[in-house]
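The sequence and the structure are shown below.

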Amino acid sequence: MAKKAQEKVTASPVVPMGYSQLLTQVAGHTFEATNAAAVGLLQDAGEGCVFKPLGKPECGVRELNFYESLAAAIATQAEADAGANNLNGAGGEGKDETDQSLLAALAAHVPRYYGQLKLVVNQREHTFIKLEDLTHGMAKPCVMDVKIGRRTWDPLSSLQKRTIEEQKYALCKQNLGLCLPGFQVYCPDEQQPEHTVLIRKGRDYGKSLDVMGFQKALALFFNASCSSSNILLHEVLNQLRSIRNWFKRQRLFHFYASSLLICYDFEQLQKLATSNSKVSLHNGFHADAAEPVLPTKSKDWIRVRCIDFAHIFPAEDGQPDHNYMFGLQSLIDIVEAMLHL
């Protein structure tokens, strides 16, 4: 009886007032009904933040240190920008300043970081990283976690860990440098197109994919059959290319087992499709001469960000991160193909 009672309690995690389980989490460590120590992502009641548990000590410290380093670089760059007019070209920037400036430039491609805090979840205290909720304000958030790179084990991994990682998502990872731990997407109901359905896919689905299957999964996620999907794809492509530009320049880190989180609001995509249909021609006449109601700026409802920094290490011999860039380029190639570029 005691065991059953415990399972009943942990089936719905006990979290502090004002917090709840993040319903849009599609990958990573999650809450488990029979393991009170297993903790997933949390969200607040409306501030637009998510809370990521640190996890294993060495990995958690590494990720926390990365966010702290990024925050310090942003602050340093802000001070440098504020005092730029007083420099008058005197002296040159040293290597540390260049590295700080480059690291600060990554901020545009990473969820905003608000520090760390401790919360009691399932009667146990855990340390969380407080981050921007990339789906905040979205009515129908579509979310995809894409892990980047052929190699997903870091330099400190044991031989056993390396072997396990090499076997996971093998077809996609070795051919594309990509794997798909999970996603959720809102789509029109095939039987009743005026209604939407929510589709969620997890790691088992991702592990079953070959290259063609991965491409089909992206087409499903981006609602490629929707008349307005090209606008979505173009904005995603622009953000992916911007991330690629940063990786081409940086020689600071190598990113292992890091992901890109792609988010968009299906409701905005629907509004865009409706606007397009209203101004389309029918028998030579506009169906609706009124000015179309366009959704908000695309960057406000389409977001691509780098996440998961528990396995970041200094770049070996100052080399580019070819492993990450290979996977990123594969993703860009697929999106370009969907746009027929």
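## Strand pairing

In this predicted model, glutamine 43 has valine 50 of E3 as its bridge partner. The strands concerned are E2, residues 42-44, and E3, residues 49-53; they run antiparallel and are joined by 2 bridges.

E3 also pairs with E5, again in the antiparallel sense, over 5 bridges. Within that pairing, cysteine 49 has glutamate 132 of E5 as its bridge partner. E5 is in turn joined to E4 by 7 bridges, and these two strands run antiparallel. Here leucine 119 stands opposite histidine 126 in E5.

E4 and E5 form a hairpin with 2 residues between the strands. In this hairpin, asparagine 122 takes a positive phi near 50 degrees.

## The sheet as a whole

Taken together, the strands make an open sheet of 5 strands in the order E1-E2-E3-E5-E4, with antiparallel pairing. Strand E1 (19-21) and strand E4 (113-121) each have a single partner strand, so each stands at an edge with one side left without a neighbour in the sheet. From one strand to the next, the twist averages 35 degrees.

Helix H2, residues 57-82, packs on this sheet. H2 touches E3, E4 and strand E5 (124-132), and its direction makes about 145 degrees with that of E4.

## Glutamate 336

Which side chain makes a polar contact with that of glutamate 336? The partner is arginine 241, and the contact is 2.7 Å. Glutamate 336 lies in helix H11, which spans residues 322-338.

The relative accessible area of glutamate 336 is 19%, so the residue is classed as buried, the cut-off being under 20%. Not counting residues up to four places away in sequence, glutamate 336 touches Leu237, Arg241 and Leu341.

## Glutamate 235

Glutamate 235 belongs to helix H8, residues 229-249. Glutamate 235 is buried yet has no salt bridge. What is the nearest side chain of opposite charge, and how many Å away is it? It is lysine 299, at 5.1 Å; a salt bridge would require a side-chain nitrogen of Lys or Arg within 4 Å of a carboxyl oxygen.

Leaving aside neighbours within four places in sequence, glutamate 235 is in contact with Ser298, Lys299 and Ile302. Lys299 is therefore a contact of glutamate 235, contact meaning heavy atoms within 4.5 Å, although no salt bridge is present.

Notes. Residues numbered from 1 in each chain as written. Predicted model: local features only at pLDDT ≥ 70, side-chain atom pairs only at ≥ 80, totals over all residues. Heavy atoms only, no water. Pairing = 2+ DSSP bridges. Helix = DSSP H or I, 4+ residues; strand = E, 2+ residues; numbered from the N terminus. Axes fitted to C-alpha atoms, helices over the stretch in contact; angles between N-to-C directions. Buried < 20%, exposed > 50% of the residue type's maximum accessible area, 1.4 Å probe, protein only. Polar contact = N/O pair within 3.5 Å; in protein donor to acceptor, adjacent residues only side chain to side chain. Lys, Arg positive; Asp, Glu negative; His and termini not counted.
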